[in-house]
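Please consider the sequence and the three-dimensional structure shown here.

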Amino acid sequence: MEIFKLVGVAIVVVGFALKFDTILTVVTAGIVTGLVAGMSFVEVLDTMGNAFVDQRLATLFVLTLPVVGICERYGLKQKALDFIERIQNVTAGKIMSVYIVLRAISAAFSLRMGGHAQFVRPVVHPMVHGAAIKSYGQIDEETEDIIKGRIAATENVATVFAQNVFMGSAGCLLVVSVLGEQGYKVDAMHVALWSIPVAAAAVILSIVQNIILDRRLAEKYAKSEGIK
Amino acid sequence: MIEIFYSLIGVIFILAAIKAVGDTAPHRYWTAAFWIILAVIFMAGPHLPGWVSGAGILLLALLSGSKNVRATKNNVPTEEEVKHNASVIGGKVFIPVLSLALTAFLAATLLPFGASNAIGISSIIGICLALFVTRAPVKYILWDSTRLVDTVGSASIFPQLLAALGALFTVAGVGKVIAGLAVCIIPPDNRFIAVVVFCLGMFLFAFIMGNAFAAFSVIMVGIAVPFLFPQGANPTIIGALGISAGYCGTLCTPMAANFNILPAVLLETTDKYIVIKSQISLMLLLLVTHILLINFFAY
C-alpha cells in the first residue's frame with residue numbers, strides 16, 4: 001500500500017502538535033518512512049547520514065553566533081533600548097509603526113535586539129501604554145488588550161517576516177538545503193533578495209493597521225468624552 | 001573552502017562540549033556527548049561512510065529526546081558589566097553585527113566563492129571587527145559562542161535535519177504519494193490552482209505543527225517538486241515565498257506558543273488569544289499576497 005508511506009508525514013505532524021522533542025520526531029519520521037518503503041535499516045541510516053553531511057550548510061548560521069554574543073556583552077541591547085526610548089510625544093500607533101520598521105531592519109541584519117521578555121514587556125509596552133494614556137486619558141480594559149495584542153504582533157511580524165532577508169539566517173539556509181537535496185541549486189543571496197517583497201508588505205500593512213487603530217481609538221474616546 | 005567553515009563550526013561544538021564537562025550538573029556528560037558527535041559529523045562527515053553519520057544522527061536524536069541536552073553553566077555577563085561596557089563602547093557596538101549582513105552580501109556579489117562561502121567569510125570578518133571595536137579579550141569568543149550555542153541547544157541542527165528528512169522522503173517516494181493525492185485537486189496544467197494549493201499547504205501544515213520549517217520539507221517534496229517545478233516555476237522564488245507562506249500559518253496558531261501565547265501571558269492580557277486575533281487578518285492578507293507574487297514572478 002503506497003499510502004502507508006505517508007506515515008512519516010503523520011509522525012511529523014503529530015509529534016510537533018503534541019510537542020515531542022523536535023529532533024527525535026524528525027529522525028523517527030525519517031527512519032519509519034524508509035522502513036515502510038522497503039529500505040533496510042542500514043540503507044536508511046546511509047541515506048540520512050549522507051544527506052545530513054551534504055547539507056551542513058543549513059547550520060552555517062552557528063558561525064555568526066560569536067559576533068552576536070560578544071556584541072551583546074558589550075551593550076548591544078542597551079544601546080538599542082536607548083535609541084527606542086528617544087521616541088516621544090507621539091500616538092500609540094506611531095510608536096508601534098516606528099518600532100516595527102526598526103525591528104524589521106534589525107532582523108534583516110540578524111540583530112537579535114528584541115524579544116518579548118527582554119524588550120517588548122519592559123520597554124515597548126510601557127511606551128505605547130503611556131502614549132495612549134497621554135492621548136485619551138483613561139483607557140478601558142478592552143482597549144488595553146487590543147493595544148497589547150498589537151504590540152506583540154508588531155514584534156512577531158517584524159522578526160518573522162524580515163529574518164530571511166539576512167542570507168545567513170536559518171530560514172534561508174533551510175530553503176537552500178531542502179531544494180539542493182531535491183536537485184535544485186539555489187543560492188542563499190537570491191533567496192534573501194526574494195524575501196524582501198513579503199517583508200516589506202508585512203511592514204507596510206502593519207503600519208496601515210496602526211493608522212487605523214489610532215483613528216478608531218481617537219473616535220472611541222472622542223465619543224465617550226462627548227457623553228461626559 | 002567551505003570545509004574550513006564546517007570545521008570551525010565543529011570547533012565551536014567541541015568547545016561547547018568541553019564547557020559542558022566542566023559543569024557539575026548531572027546532564028553534563030550527555031550534553032557533551034551530543035556536541036562531540038555533532039562535531040565529528042561536521043569535521044569528518046565527508047570521509048565517513050553514510051551509515052556511520054546516520055547512526056550518529058540516531059544517537060543525537062536519542063540524546064535530544066532524553067531531554068539531557070540542556071544548557072550547562074555559562075559565563076553570563078552581569079547587568080553592571082553590560083551597562084559599563086555599553087557606556088564605554090557606545091553606538092560602535094552595532095558595527096560588527098551590521099557588518100555581518102553587509103560583508104556577506106558584498107562577498108557574495110564580488111568574490112567568486114558563492115553565497116555559502118560568503119556567509120563564512122562575513123562571520124570571520126565580523127569576529128575580527130568585534131574584537132577590534134570592543135577590544136575584548138579573545139577568551140570572550142569562547143565564552144560567548146558557547147553561551148549562544150547552548151541557548152539554541154539541540155534545535156541548532158533542526159534545519160539541516162529537515163533537509164535530510166526531505167531526502168529520505170524523496171528516496172522513499174513520499175512525494176509521489178502526496179502528488180498522487182494532490183492530482184485529484186490540481187487539474188493538469190492549471191498553474192493558478194497549483195500555486196494556491198502550494199501556499200495553502202504551507203499555511204495549513206505550519207498551522208497544525210506550529211512550525212513552518214517542518215512544513216517546508218513536506219510541501220516542497222509533495223507539491224513544489226511534482227507540480228510547480230515541472231511547470232517551470234523558479235525554485236528560488238518558490239523557496240523564499242514558500243517558507244514565508246508557512247510563517248503566515250505560524251502566526252495564526254496557538255501551536256506556536258512562543259509567538260502567540262507566551263507574549264499574551266507576559267503582557268498579562270485578559271484574552272489569551274488576543275495576539276492571534278490581532279495577527280489573523282494581516283496573515284490572511286499576506287497569504288493572498290504570496291499567491292499573487294508567485295503567480296506573477298515565479299513563472
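The structure is a predicted model. In chain A, a domain assignment separates domain 1, covering residues 2-54, from domain 2, covering residues 61-227. Between the C-alpha centres of domain 1 and domain 2 of chain A there is a distance of 36 Å.

Chain A also meets chain B: 104 residues of chain A are in contact with 124 residues of chain B. On the side of chain A that touches chain B, the largest share is supplied by helix α8 (residues 141-162) of chain A, with 11 residues.

Within chain B, attention may be given to helix α10 (residues 191-209) and helix α12 (residues 235-250), which pack with their axes 7 Å apart and at an angle of about 45 degrees. Because of this angle, α10(B) is oblique to α12(B). The two helices, α10(B) and α12(B), cross in a right-handed manner.

Which residues bring α10(B) and α12(B) together? From α10(B) come B:F198, B:C199, B:M202, B:F203, B:L204, B:A206 and B:F207, and these meet B:G242, B:A245, B:G246, B:C248, B:G249 and B:T250 in α12(B). The residues of this contact between α10(B) and α12(B) fall into 9 nonpolar and 4 polar, with no charged residue.

How values were computed: Residues numbered from 1 in each chain as written. Chains lettered and ligands numbered in written order. Predicted model: local features only at pLDDT ≥ 70, side-chain atom pairs only at ≥ 80, totals over all residues. Axes fitted to C-alpha atoms, helices over the stretch in contact; angles between N-to-C directions. Helix = DSSP H or I, 4+ residues; strand = E, 2+ residues; numbered from the N terminus. Parallel < 35°, antiparallel > 145°, perpendicular 65-115°, else oblique. Left-handed = near helix turned anticlockwise from the far one by under 90°. Contact = placed C-beta atoms within 7 Å. Nonpolar A, V, L, I, M, F, W, Y, C, P; charged D, E, K, R; others polar. Domains from an automatic or database assignment.
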